[in-house]
Amino acid sequence: MSDDCGGDCGCGGHDHEHDAGLADPNPDGPADPQLDPERSPGLDTEIEALEDIEVSRDDVTIGTADPGELTAADTDPVADAGHDGLVADLREGTKTERRRAALALADRSFDAAAVAALADAARDDSDADVRQFAVEALGELGGETAHAVARDAADDDDPWVRAEALVALDHVDRAANAERLEAALDDPHHAVRRNALVSLFKLRGEAALPALLDAAADDSERVREWVAHLLGGIDDERATDALEDLARDDVGVVAKTAANALDVDAGRFRRQFVQSSERDTDDTTSDDRLNRRPNL
């Protein structure tokens with residue numbers, strides 16, 4: 001492997017505008033933001049950091065969504081709302097108001113009332129988007145409540161809530177949740193499996209090789225794409241053999257990711273990843289809120 005990392009170390013940002021829900025025939029579903037080529041590790045675009053992990057959803061189509069559905073992730077209407085008003089909206093508002101409140105609270109200072117309202121919403125709200133956004137907000141906060149809520153959310157019926165829960169668990173304490181991450185490798189949804197793989201690589205480095213090799217044959221091209229990307233950080237003949245196989249994948253973005261990974265210096269790739277991980281898991285975790293881009 002060469003010394004060139006290809007200028008591609010991550011997947012880009014978390015974009016809440018996914019709620020517009022444009023339909024796509026891809027069997028993995030358009031919910032995965034990797035369908036945006038500029039956010040894919042398989043293309044030659046400059047992406048900010050491998051630590052970024054994408055979690056989004058696409059339950060709404062343009063043809064059936066009402067205007068409230070399409071603007072629910074726009075927090076501009078509540079930019080000037082008071083803290084108490086947002087908490088009240090999260091508890092008692094319409095679906096759109098609850099979504100906006102959860103997102104807006106993620107960008108505010110947290111107090112006990114906000115944490116309690118977000119925890120209740122993450123566990124009990126009838127709307128999956130509200131639950132997902134509440135989990136995200138708590139994950140950015142960190143701490144014991146966020147940890148407990150994320151562990152519960154990892155069993156949510158909705159796959160995007162589960163995927164968001166893995167981001168939160170990774171941020172709060174990935175080592176303590178290794179068993180849950182391993183269990184998520186068998187999740188029926190590709191976004192959950194992918195997030196689990198990235199978190200396990202972040203935790204174990206080269207020791208994550210067996211899990212990555214197993215996932216190299218995943219039905220989802222999104223998972224295979226990320227397997228190829230992460231295998232670039234492992235200096236092992238088995239990783240090279242798997243990458244050579246993936247470089248012949250029928251899906252172009254998977255094949256290109258694998259080809260790029262074969263040219264990456266594994267040690268440099270891994271060192272950059274570890275440095276990002278250490279920044280995320282120092283003693284100030286409960287004070288350092290994640291960016292809107294979930295860090296992984």
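**Note on the predicted model**

1. The accessible surface of the chain (Shrake-Rupley method, 1.4 Å probe; for residues, only the protein chains shown count as cover) comes to about 12,600 Å², and carbon and sulfur atoms account for 44% of it. This is a predicted model, in which local features need pLDDT of at least 70 and side-chain atom pairs count only at pLDDT 80 or more, whereas totals for chains, interfaces and linings use all residues. Residues are numbered from 1 along each chain as its sequence is written, and side-chain values use heavy atoms, with hydrogens and water left out.

2. The chain holds 14 helices and 0 strands (DSSP runs numbered from the N terminus: helices are H or I of at least four residues, strands E of at least two). Of its 296 residues, 57% are buried, where buried means under 20% relative accessible area, exposed over 50%, and partly exposed in between (1.4 Å probe, protein chains only). Among contacts (heavy atoms within 4.5 Å) with a separation of 6 or more, 74% join residues 24 or more positions apart.

3. A nonpolar core is a set of buried Ala, Val, Leu, Ile, Met, Phe, Trp, Tyr and Cys residues joined through side-chain atoms within 4.5 Å. The largest has 44 residues, of which L90, L105, L118, V135, L138 and L166 touch the most other members. Elements giving two or more residues to this core include α2 (83-92), α4 (112-124), α5 (128-141) and α9 (190-204). Apart from it lies another core of 26 residues, among them V198, V223, L230 and A242.

4. With residues up to four places away in sequence left out, L138 touches V115, L118, A119, A146 and V149. A122, in helix α4, counts as buried because its relative accessibility is 3%. The C-alpha atoms of A122 and L138 are 8.9 Å apart, at 16 residues in sequence.

5. In α6, the buried residues are A146, H147, V149, A150 and A153. The buried residues of α6 pack against α4, α5 and α7.

6. Helix α7 is mostly covered, with 14 of its 15 residues buried. From first to last C-alpha, α7 reaches 21 Å, close to the 21 Å expected at 1.5 Å a residue (1.5 Å times one less than the number of residues).
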